[in-house]
Amino acid sequence: MEIIRALPAHAPALSAIALAAKAHWGYPAHWLARWREELTITREFVAANDTFAACVEEEIVAFYALLQAPDTLRLEHLWVLPKWMGQGIGRRLFNHAAKHAARRGASSLTIEADPNAEPFYLHLGAKRIGTSISEIDGARRELPILKLTLPLPVAGGGSPGGAEAH
């Protein structure tokens, strides 16, 4: 697996990954239809944000994006195609996101997670700091808000253990 900076031309593939991954959790089709806009990754979004893709044999199988938020970076997306789940790709992307955010000077990474993804983030060191409450079809929906505290950057701008290829 190789992690590359996503290009605006990758936006349709990234959108397909986000939709397939969200559908993997068994949400009703009409919920997925309501979420389609927020799961659609545009060329402009990719151009404006730190977006990275995981490739296996030149196929994009997963991606993440970071957004600037007050005093932190926010992990806006981290999606893995269902057939590639459970193979360590999400973990590698999350670790890449954390290192990239630390290199950018962020002291933490925040995540508004799908409830199904919370155990994944907790396992990788994030802590729950709150919830975001919404409603869909009259049902209360509670999204965990998580925070990963990042290590302080190493003096001299390098990363511990040497440089990392992107």
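This report describes strands, hairpins, salt bridges and a charged patch in a predicted model.

## Basis of the model

Residues are numbered from 1 along each chain as its sequence is written, and side-chain values use heavy atoms, with hydrogens and water left out. The model is predicted, so local features need pLDDT of at least 70 and side-chain atom pairs count only at pLDDT 80 or more, while totals for chains, interfaces and linings use all residues.

Helices (H or I, at least four residues) and strands (E, at least two) are DSSP runs, numbered from the N terminus. Two strands pair if DSSP finds at least two bridges between them. Buried stands for under 20% relative accessible area, exposed for over 50%, and partly exposed for values in between (1.4 Å probe, protein chains only).

Strand 2 covers residues 50-56. Seven of its seven residues are buried. Asp50, Phe52, Ala54 and Val56 point one way from the strand, and Thr51, Ala53 and Cys55 point the other way. In a regular strand, side chains alternate between the two faces of the sheet.

Strand 2 is paired with strand 1 in the antiparallel sense over four bridges. Within this pairing, Ile4 has Ala53 of strand 2 as its bridge partner. Strand 2 also pairs with strand 3, again antiparallel, over seven bridges. Here Val56 stands opposite Glu59 of strand 3.

## The hairpin of strands 2 and 3

Two residues lie between the strands of this hairpin. Glu57 is in the loop between strand 2 and strand 3 (59-69), and Glu58 lies in that loop as well. Phi of Glu57 is near 50 degrees, and phi of Glu58 is near 70 degrees. Both values are positive. Most residues other than glycine have a negative phi.

Glu57 has a relative accessibility of 78% and therefore counts as exposed. Glu58 is exposed too, with a relative accessible area of 81%.

## A negative patch

Glu2, Glu57, Glu58 and Glu59 form a negative surface patch. Patches are made of residues with over 30% relative accessible area and no salt bridge; like charges are joined within 9 Å, and nonpolar side chains (Val, Leu, Ile, Met, Phe, Trp, Tyr) within 5 Å. Glu2 belongs to strand 1 (residues 2-5). Its relative accessibility is 47%, so Glu2 counts as partly exposed.

## The hairpin of strands 6 and 7

Strand 6 (residues 127-136) and strand 7 (residues 139-149) run antiparallel and are joined by nine bridges. Ile136 has Ala139 of strand 7 as its bridge partner. This hairpin has two residues between the strands, and Asp137 takes a positive phi near 55 degrees there. Asp137 is partly exposed, at 47% relative accessibility.

## Salt bridges

The structure holds nine salt bridges. A salt bridge is a side-chain nitrogen of Lys or Arg within 4 Å of a carboxyl oxygen of Asp or Glu. Side chains of opposite charge can pair when their charged atoms come close. One of the salt bridges is between Arg34 and Asp137, with the closest N and O atoms 3.5 Å apart. Arg34 lies in helix 2 and Asp137 in the loop between strand 6 and strand 7, so this pair ties together parts that are 103 residues apart in sequence.

Asp114 forms a salt bridge with Arg141, where the closest N and O atoms are 3.5 Å apart. This pair links distant parts of the chain: Asp114 is in the loop between strand 5 (108-112) and helix 5 (118-123), and Arg141 is in strand 7, 27 residues apart. Asp114 and Arg141 are buried. Arg140 and Glu142 also meet in a salt bridge (3.4 Å, N to O). Arg140 is exposed, at a relative accessible area of 60%, while Glu142 is partly exposed at 34%. Salt bridges that share partners join Glu118, Arg128, Arg140 and Glu142 into one network.

Glu37 is found in helix 2 (residues 29-39). At 70% relative accessibility, Glu37 is exposed. Its C-alpha atom is separated by 9.6 Å from that of Ser15, 22 residues apart along the chain.

Phe45 is part of helix 3 (residues 43-48). Phe45 is buried, with a relative accessible area of 17%. The C-alpha atoms of Phe45 and Ile111, 66 residues apart along the chain, are separated by 18 Å.

Methods. Areas by Shrake-Rupley, 256 points an atom, 1.4 Å probe, with all protein chains shown as cover. Lys, Arg positive; Asp, Glu negative; His and termini not counted. Charge placed at Lys NZ, Arg CZ, Asp CG, Glu CD.
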